[in-house]
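Work through the exercises below with the sequence and the 3D view open. Try each task before you read its solution.

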Amino acid sequence: MTGTSAPLDRAELAVDPLEAARHLLGTELVADVPEGEVRVRIVEVEAYRGEDDPGSHCYRGRTPRNDVMWGPAGHLYVYFVYGMHFCANVVALVDGRPGAVLLRAGELRSDAALAHVRRPTARGRDAELARGPARLCTLLGLGREHNGVDVLDPVSPVRLERGTPVPDEAVRTGPRVGVAAGQQRPWRLWVAGSPAVTPYKAGRARPDGPDW
């Protein structure tokens, strides 16, 4: 089956984050960067719900930081973590109900030479260019200025396109990576056999609050 550059329908993301996560596998995220265009195929994601999910940034309610996560669907929720990295999520659910899908890893679908200029520490291995949420954001140039961007808008500087659907038999599920609270939930989805998928790393148990 061939891919398509058509955007997703917002209704496909205005659903439970687990369902939205499944829709996002195989989609392509495209970013306009100073050097040109960077495109990755999403191969690993994690679902985060709201106030019933202790691993979620919305577990303790709405704040200025997590406001975008409350909707509407199809916007980016970008946050800074560990004082050094950005991570990007696609907002799910209907407006007013918090939920999002973390973009954990992608496979390069654009010019490799340009990508290695942006990620020189990948050491020539394309699989490492967007393996992990921080590397993905670095490659695509995603930062605070992209928080709230509508990735379903065709004129957005960051766009989510339909790509090539992933068949059910190629999808795997398991615990979220590095999450302390709610780590037992198998809410990570990935494409089997993709070299860009991150290795599993359990978080230290912390059942009383979200990961920041």
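## Exercise 1: A glutamate and its neighbours

Glu-12 touches Ala-20, His-23 and Arg-162, leaving out residues up to four places away in sequence. Here a contact means heavy atoms within 4.5 Å.

Before you start, note that this is a predicted model: local features need pLDDT of at least 70, side-chain atom pairs count only at pLDDT 80 or more, and totals for chains, interfaces and linings use all residues. Residues are numbered from 1 along each chain as its sequence is written, and side-chain values use heavy atoms, with hydrogens and water left out.

**Task.** Where is the place of Glu-12, and is Glu-12 buried or exposed?

**Solution.** 
- Step 1. Find the place. Glu-12 sits in the loop between strand S1 (4–7) and helix H1 (17–24). Helices (H or I, at least four residues) and strands (E, at least two) are DSSP runs, numbered from the N terminus.
- Step 2. Check the cover. Buried means under 20% relative accessible area, exposed over 50%, and partly exposed in between (1.4 Å probe, protein chains only). Glu-12 has a relative accessible area of 18%, so Glu-12 is buried.
- Step 3. Look at the side chain. The side chain of Glu-12 makes a polar contact with the side chain of Arg-162, at 2.8 Å. A polar contact is a pair of N or O atoms within 3.5 Å; within protein, one must be able to donate a hydrogen and the other to accept it, and residues adjacent in sequence count only if both atoms are side-chain atoms.

## Exercise 2: The whole chain

**Task.** How many helices and strands does the chain have, and how does the radius of gyration of the chain fit a compact globule?

**Solution.** 
- Step 1. Count the elements. The chain has three helices and nine strands.
- Step 2. Read their order. From the N terminus on, it is β-α-β-β-β-β-β-α-α-β-β-β.
- Step 3. Apply the globule rule. The rule is 2.2 Å times the number of residues to the power 0.38, and the radius is taken over C-alpha atoms. For 212 residues a compact globule would have a radius near 17 Å; the chain has 16 Å, which agrees.
- Step 4. Of the 212 residues, 58% count as buried.
- Step 5. Check the contacts. Among those between residues at least 6 apart in sequence, 62% join residues at least 24 apart.

## Exercise 3: Cysteines

**Task.** How many disulfides does the structure hold?

**Solution.** 
- Step 1. Recall the bond. A disulfide is a covalent bond between the sulfur atoms of two cysteines. The cut-off is a pair of cysteine sulfur atoms within 2.5 Å.
- Step 2. Give the count. The structure holds zero disulfides.
- Step 3. The nearest cysteine sulfur, that of Cys-87, is 15 Å away. Cys-58 is buried, with a relative accessible area of 0%.
- Step 4. The nearest cysteine sulfur, that of Cys-137, is 5.9 Å away. Cys-87 is buried too, at 7%.

## Exercise 4: A covered helix

**Task.** Which residues of H3 are buried, and which elements do they pack against?

**Solution.** 
- Step 1. Count. Helix H3 (residues 133–140) is mostly covered, with six of its eight residues buried.
- Step 2. Name them. They are Pro-133, Ala-134, Leu-136, Cys-137, Leu-139 and Leu-140.
- Step 3. Find their partners. The buried residues of H3 pack against strands S2 (28–33), S3 (36–48), S5 (85–91) and S6 (100–108), and against helix H2 (112–118).
- Step 4. Take one partner residue. Leu-103 lies in strand S6. Leu-103 is buried, at 1% relative accessibility. Its contacts include Pro-133 and Leu-136.
- Step 5. Look past the end. Gly-141 follows H3, and its phi is positive, near 70 degrees.

## Exercise 5: Salt bridges

**Task.** Which parts of the chain does the pair Arg-10 and Asp-150 tie together?

**Solution.** 
- Step 1. Set the rule. A salt bridge is a side-chain nitrogen of Lys or Arg within 4 Å of a carboxyl oxygen of Asp or Glu. By this rule the count is 20.
- Step 2. Take the pair. Arg-10 forms a salt bridge with Asp-150, with the closest N and O atoms 2.9 Å apart.
- Step 3. Arg-10 lies in the loop between S1 and H1, and Asp-150 in the loop between H3 and strand S7 (158–163), so the pair ties together parts 140 residues apart in sequence.
- Step 4. Arg-10 is partly exposed, at 33%, whereas Asp-150 is buried, at 18%.
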